[in-house]
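Subject: Structure handover

Hello,

Here is the structure I said I would pass on. My notes follow below it.

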Amino acid sequence: MTTVQTNKILREGPFAGAIEEVACPICAQPPVAKLIYRRDNGVGIWQCPACEVMYASPRFTEEALLAIYETPDFFPADDLKKFENFSHGQWQASGAETYVVSALKAANIKRYLTPGDRVLDVGCGIGLFVLEGRQQGFLTEGVEPSKMLTDIARNRIGIDVHNMLIEDFSPPHRFHGVGLWDVLEHVYDPVRILKRCFALTEEGGYIFVSVPNFAGLADRLQTLLHRLRLRRCGFKHFGFPWHVYSYNRRSLGMLLAKMGYTPLTFETWSHNVRTGKANHLSSLTDALIRKHCLASNVSCVARKI
Ligand SMILES: [Zn+2]
């Protein structure tokens with residue numbers, strides 16, 4: 001990935017750090033990028049005309065980016081309160097979105113793998129899917145670079161996870177499935193992460209990826225309003241500073257193919273589905289959103305063949 005040091009410091013809310021300029025990480029020789037929007041602090045949201053990935057530039061250096069995930073601003077105290085006296089049963093009974101989404105991930109994995117298979121959750125955060133995967137019979141492990149999130153996984157959720165970068169993770173076995181949910185928008189270099197995931201996946205194994213989808217209906221509307229200068233909230237729906245990439249089916253598929261995976265399916269989960277509120281009245285809309293990838297996140301299952 002090409003980066004250019006700027007010797008400048010960016011202040012973004014409570015965060016401050018060195019910044020650098022980047023280009024498309026997917027294309028070997030990226031064409032001139034298109035500027036989608038320039039935030040008030042000078043950060044541009046760009047799009048590669050070839051693979052269509054959207055990215056922030058300039059953005060924090062790797063060191064400054066990793067530091068964000070150690071601050072309480074990334075996981076506020078109010079969110080932490082939800083996990084006091086945590087148990088799987090209470091979490092399941094609460095019907096919280098975190099539980100519904102974890103159960104959806106497990107159901108998706110069950111279409112391709114069987115209980116007893118090894119599944120690695122890369123960027124597992126506070127370990128919720130590692131827990132749910134074990135409840136469903138999978139041999140799940142998690143890797144999480146943030147010490148703050150690892151401590152929450154250990155002390156609140158009761159799940160031990162590997163506190164390190166995936167690049168430094170060298171287990172004695174490979175995995176039948178690798179989950180990379182809500183990670184590739186956060187990381188310094190998605191190609192470097194996927195290269196390590198590929199090496200850790202068994203031949204014939206699967207990767208399950210979920211990323212923000214700039215082609216979602218609400219995201220398209222927000223982008224349009226910003227480009228027309230009718231909204232000036234600073235492109236917050238992009239998620240900067242911790243989100244530095246956004247994808248659609250094309251860019252996600254090209255990225256996975258570049259790394260050697262064969263994409264099998266793409267889909268999105270509507271708000272109703274993610275919050276467990278889907279019913280027969282919403283079933284047609286939910287199915288359309290799923291099929292045409294119109295929600296704010298897009299998921300892909302890809303195989304190492
Ligand atoms: Zn590109």
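Predicted model: local features only at pLDDT ≥ 70, side-chain atom pairs only at ≥ 80, totals over all residues.

Where the two touch, domain 1 contributes 21 residues and domain 2 contributes 22 residues. On the side of domain 1 that touches domain 2, helix H1 (62–68) and helix H8 (217–227) are the elements that give two or more residues. H1 has the largest share of that side, with four residues. By class, the side of domain 1 that touches domain 2 holds 15 nonpolar, three polar and three charged residues.

Sheets

There is an open sheet of six strands with mixed pairing, and its order is S8-S7-S9-S10-S13-S12. Its edges are strand S8 (139–143) and strand S12 (262–267). Each of these has a single partner strand, so one side of each has no neighbour in the sheet. From one strand to the next, the twist averages 20°.

S1 and strand S2 (residues 15–22) run antiparallel and are joined by seven bridges. In this pair, Gln5 has Glu20 of S2 as its bridge partner.

A helix pair

At what angle do helix H4 (residues 97–110) and helix H5 (residues 128–135) pack? The angle is about 55°, and the axes are 9 Å apart. H4 is therefore oblique to H5. The crossing of H4 past H5 is right-handed. On the H4 side, the contact is made by Thr98, Ser102, Ala103, Lys105 and Ala106. On the H5 side, the residues are Leu128, Phe129, Glu132 and Gly133. Sorted by class, the contact of H4 with H5 has four nonpolar, three polar and two charged residues.

Backbone points

Most residues other than glycine have a negative phi, and most peptide bonds are trans. The following places depart from that pattern.

- Ser57 to Pro58: this peptide bond is cis, with omega near -5°. Pro58 sits in the loop between strand S5 (54–57) and S6.
- Phe240 to Pro241: the bond joining these residues is a cis peptide bond, with omega about 15°. Pro241 is in the loop between H8 and strand S11 (245–246).
- Asn85: phi is near 50°, a positive value in a residue other than glycine. Asn85 belongs to the loop between helix H2 (77–81) and helix H3 (88–94).

Regards

Definitions and conventions:
Residues numbered from 1 in each chain as written. Contact = placed C-beta atoms within 7 Å. Nonpolar A, V, L, I, M, F, W, Y, C, P; charged D, E, K, R; others polar. Pairing = 2+ DSSP bridges. Axes fitted to C-alpha atoms, helices over the stretch in contact; angles between N-to-C directions. Parallel < 35°, antiparallel > 145°, perpendicular 65-115°, else oblique. Left-handed = near helix turned anticlockwise from the far one by under 90°.
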